[in-house]
Amino acid sequence: MKLELKPFQENAAREIICELDEARASVAKGKLQAVILSAPTGSGKTITLAQVIDLTFGGGDGIPSRPQTTFLWLSDSPELNVQSGNKLLGACDFLPYYKMVRIESDVFDDDYLQPGYLYFINTQLLGKDKILTKEPGDRRKFTFWQTVTNTISRAPQDFILVIDEAHRGATANDRNRTTTMQKFIVGSESDGLPPVPLVLGMSATPQRFTTLLGNTNRTQRPINISPEDVRSSGLLKDWIVVRHPKTAVAGDLTLLESATRSWKHFTKLWEDYCTQEKEKNIVRPILVVQIEDGSGNSLTRTPLDDVVRVIERHSGPLGINEIVHCLHDQTDLEAGGRIIRKLDASRIQESQDVKVVLFKTALSTGWDCPRAEVMMSFRRAQDQTSIAQLVGRMIRTPLARRIGMNEALDTVELYLPHYDADALEAVLERLRNPDAQENEALDTVELYLPHYDADALEAVLERLRNPDAQDGVPTRVETSIETYSRNPAMEKVFALLGKLPTYSVDRVPRMSDVKRALRLAGLLVHEGVDLDADEQVRDELVKKLKGLRDKYAAERTDWDTLISEGGEIEVDVSRIATGGMQVEGKTSSRVLLVEENIDQLFDEAGRMLASGEGLHRTYWKRYHDRGYPNHVKLELFAVLGQPETLTVMERLSKQLFNEMWKKHKAAIQPLPASVRGRFQSLIQAAGEAAQQVWELPTQIVEKKEGDVWEKHLYCTASGGFSAKLNGWEKELLEQEIKKEGFVAWLRNLPRREWALCIPYELAGKKPFYPDFIIVRKSGRGLVADVLEPHDDSRTDTWAKAKGLAEFADKHGIDFGRLIIARRKDKTWHMADVNDMKTRAKARKMQSASDLESLFGM
C-alpha cells in the first residue's frame, strides 16, 4: 500500500481476506456467500477495500496472492465510481491503472471479465432500455448479463462482486420488481443471470442489505468497524459548532457573512499550522454553501448575486476556478459578476484552487472532501436528513489525524439560518442513528425536469395516479361547441338588461386596499384620466406612515431600542461532541444584520404594505438620512410590526379608493371594454360583493347539446339555441314560454364572466347564478324576471333564497318577479321574494329546515 492505514483499517482488511478465503471454499462447493463490511461514515471503507485488493493481487505478510481474481465494483453513481477509482489508484501498489476498467456502454463488449482486473460499473447503465442489456445484434455480441454469467462459469470462487453503499437498491418500491443490484444477489431468469456466488458489500448502514440477504440462502459473514475506533484514530473531528438564529428572522445572508469570516479564519489557522509543522501540502479549507431549490424556470430561490457579493466582501474577488458549483444539469453559471464553473463533486478535493462550492444535494452522499471546514445552508428545516448526511462527510479531518495543539482545527462549523433548536435536535438524531437517514432518503425518488412547468408536472402526476389512462384511449370526449350571437330581434331586451345591476363575487383574487388604491391611481395616470393621481395617493399614504412613526416614537420609550435590535439577530451557538452527537455547551451572541438582510426586511415591509407597488421605496426616498440610509428601512419595518399600522393604512386606502372612483367613474365609462375591465377588476378585488352594471357580450360560446330552443337571447343564424335541461327545468321553462306576454329567455350559465350574479352568505360570501332570466311584457314596456328551479336535495337553497331577498331589498324595483321554484307532489310551488311578505319570511331563514315556511307549508 502507498498509504499508511490506521490499525482498525488494517485489522478489518485482514479479517475480510480471511472471510473471503473461507467463502471461496464454500463457493467451490456451490454455496452462495456474502462478506459484509459495516463501517461508520468517515472510517475509510474504500481505503480498507484498497488494502484487500492489494493483498489479493500481491499478497504479503503471510497472505498468499490470488492474482487471477476478478473484481467487479458496483455502485449506483458514476461520480462515486470515479472517486473510488481515484482513491484505489492512489493507494494500491498492485493495481496499475491499465487494469482498472470503467465500463462504458458504447465500447464494452467482452465475452467475460478478465482475471487480475478491477472493473467499475454503475446501475444506471443496466436498465432495460440500455445498450449493455439489449439483445446482441450487428454492433454487439454479448449483453452485460451474459458477460457476468460467463465470468461466473469460468471461475466462480475467483470472481468477487464489490457493492459500494450496499444499502442502496436493497429494497424495491414495487414488491414484484427486482432492482438492478438485487439481480446480482438473487439472479434474474429473464436475463439469464445466476446469482453472483461471492459478494462483498460495504455500507455505513447495512441493515437493508442484510435483510435482503436474509431472504436468500446466502451465508453472511459480517465484519464491523466500531464508531469509537474511528473517532479515537483521529479520522473524525472532535467538535461541530452549529450557529442558528434564536428566532425566525431574515438573517441568512448575515450568517453567510459570519460563515465567510469563519472560513477565512480557518484558512489562516491551517496556513500557520502547516507552515509551522512543515506539512508537505498546506490544507486549503473550503466554504460549502447549500442553496435552495428553484421553482418554474428559476434555478434557485437563494439570491446568488447577494451570496457572491457577501462572500467577496471578505474573500476579495474570486477567480474562475475559486468558486464552483455542483448543480445537476447545469453548465457554468454567472452570478454577482462572476463566472461559476461546474465541477464534479469527485474533483473538488484534488482541485486546490477551489475555495467556495455551491450545491443543492449533490454533496450529501458519495462525496469525500476533508477540506470542507465550514458549511452554510440556505435550505429549510425540512431537510434534516440532507444536512445530517452532509455533516457526516464534513467531519473528516484533512490530515487524517487529530491536531490536538489547536482545538479549532479539530472543529467543523455549520451555519443553519432557517433552523431552530428543535430542528437542530432532529439533525443530531439522524447523526446518532444513521439508519434513519437511509430509511427516509432511500424511499425518495428525485426528478430533475428543467423543461417542465407546473401544468406539465401535474399532467405527469395525473398519469401516475391513473395508469390505465396512459394507453392512448382518451378518458373524455369533448362535445362540439357552438358560437351564438345576439338575437337581432331582441335589441330592446338587451337595452333593458343593460341597465340592470349584477354583482361580482370572488371573480378575482382579493387585494389589499392599499394595493387597490395604488393600482387605481396608476391606471388613472396610464389612461390619461388623472395624471396627478399616483403622486397624490402616495403622498397621502407616506404622510400617514410618517405620522404613525412619530406617534410610536412618542408613545414607546423603547422605540430606539426596538429599531436598533431590529438590525441585529440573536444567534445560538451549540458545541457538539462528535462522539455521541450531544450538545456539550451552548451560548448566544448578537450579530449585526448585513446590508442585504436589511434590504430583505425593507422589502418585506413593502410586501406587507402593497406587494409590487414600491410604496416602501417612496417612503425611503422622502424620509431617509443620507448619512444613515439603512436606519429608515429598519424604522419602517418596525412601524409595520405595530398591530394597528396595517388597519389604519387599509382604512385610509379604502377611503382614497372610493373618493377616486366616485370622482372619475363617469370618465372611465366611455373607455374601451378591455380598459374598463381592468378598472372593474379593482372593484372586484375588494373581497366583497361588488355591484356593477350588467354587461352582456355580443357572442357566447356553449356546448352544442340537448334540445334546440327558440326565443333565446343568443342564437344561431337560424334562430335556435341548444340547451341540455333536466326534466323539471324543461317543464318549468315550457310553462313560462306558454304564458301570455312572454318575450325571451336567457340560460344564465354559471360562473361565466357575463352571467347575472347575486351574492349570498354561507360560511362566507358566495356567488349565486339563477338558472333562467325571463323577459316579458309589462304594460307598455318590458320587465325581467329571475327564475331559479329548486332541487330539494341541495342544502344551500335556503341561503340562496335569503341572498335573493337581500338583493330584492336593494334592487327589487328594477325587476319583475324574483322566484325560487320547486316541484313537489307533481305541483310547482313558487316563492317570489319581490313580494314583501315572502321576502320577510326569507330574511328570517337560518337553515334548510326553514325553507318550508317560504312556500307557505
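**Reading the features**

Analyst: Let's begin with Val-525, which is partly exposed at a relative accessible area of 26%. The scale goes like this: buried is under 20% relative accessible area, exposed is over 50%, and partly exposed is in between (1.4 Å probe, protein chains only). Before we go on, a word on the source: this is a predicted model, where local features need pLDDT of at least 70 and side-chain atom pairs count only at pLDDT 80 or more, while totals for chains, interfaces and linings use all residues. Residues are numbered from 1 along each chain as its sequence is written, and side-chain values use heavy atoms, with hydrogens and water left out.

User: Which helix does Val-525 lie in, and which residues is it in contact with, leaving aside neighbours within four places in sequence?

Analyst: Val-525 belongs to helix H15, residues 513-526. Helices here are DSSP runs of H or I with at least four residues, strands are runs of E with at least two, and both are numbered from the N terminus. Contact means heavy atoms within 4.5 Å. Once neighbours within four places in sequence are set aside, Val-525 has contacts with Asp-530, Leu-531, Ala-533 and Asp-534. For a sense of distance, its C-alpha atom is 43 Å from that of Ala-717, which is 192 residues away along the chain.

User: How do I read two helices that pack together? At what angle do H15 and H22 pack?

Analyst: Picture a line through each helix: axes are fitted to C-alpha atoms over the stretch in contact, and angles run from 0 to 180 degrees between N-to-C directions. H15 and H22 pack at about 165 degrees, and their axes are 10 Å apart. So H15 is roughly antiparallel to H22; the cut-offs are under 35 degrees for roughly parallel, over 145 for roughly antiparallel, 65 to 115 for roughly perpendicular, and oblique for the rest. On the H15 side the contact involves Arg-516, Arg-519, Leu-520, Leu-523, Leu-524 and His-526, and on the H22 side Arg-678, Phe-679, Leu-682 and Ile-683. The crossing of H15 and H22 is left-handed: that's when the near helix is turned anticlockwise from the far one by less than a right angle, with clockwise being right-handed.

User: And how do the axes of H21 and H22 cross?

Analyst: H21 covers residues 645-668 and H22 covers 673-684; their axes come within 12 Å and cross at roughly 155 degrees. H21 and H22 are therefore roughly antiparallel, and their crossing is left-handed. Here Phe-657, Trp-661 and Ile-668 of H21 meet Arg-676, Phe-679, Gln-680, Leu-682 and Ile-683 of H22.

User: What is the phi of Asp-61, and that of Lys-711?

Analyst: Asp-61 has a positive one, near 50 degrees. Asp-61 sits in the loop between helix H2 (45-58) and strand S2 (70-75), and it is exposed at 67%. Lys-711 isn't a glycine either, yet its phi is about 60 degrees and positive. You'll find Lys-711 in the loop between strands S22 (707-709) and S23 (714-715), where it is partly exposed at 43%.

User: Which residues does Val-743 contact, neighbours within four places aside?

Analyst: Lys-711 turns up again, along with Met-490, Val-493, Val-775, Arg-776, Lys-777 and Leu-782. Val-743 lies in strand S25, residues 742-747, and is buried at 18%.

User: Last one: how many disulfides does the count come to?

Analyst: A disulfide is a pair of cysteine sulfur atoms within 2.5 Å. The count here is zero. Take Cys-92: it is in no disulfide, and the nearest cysteine sulfur, in Cys-18, is 18 Å away. Cys-92 is buried at 2%, and Cys-757 is buried at 0%.
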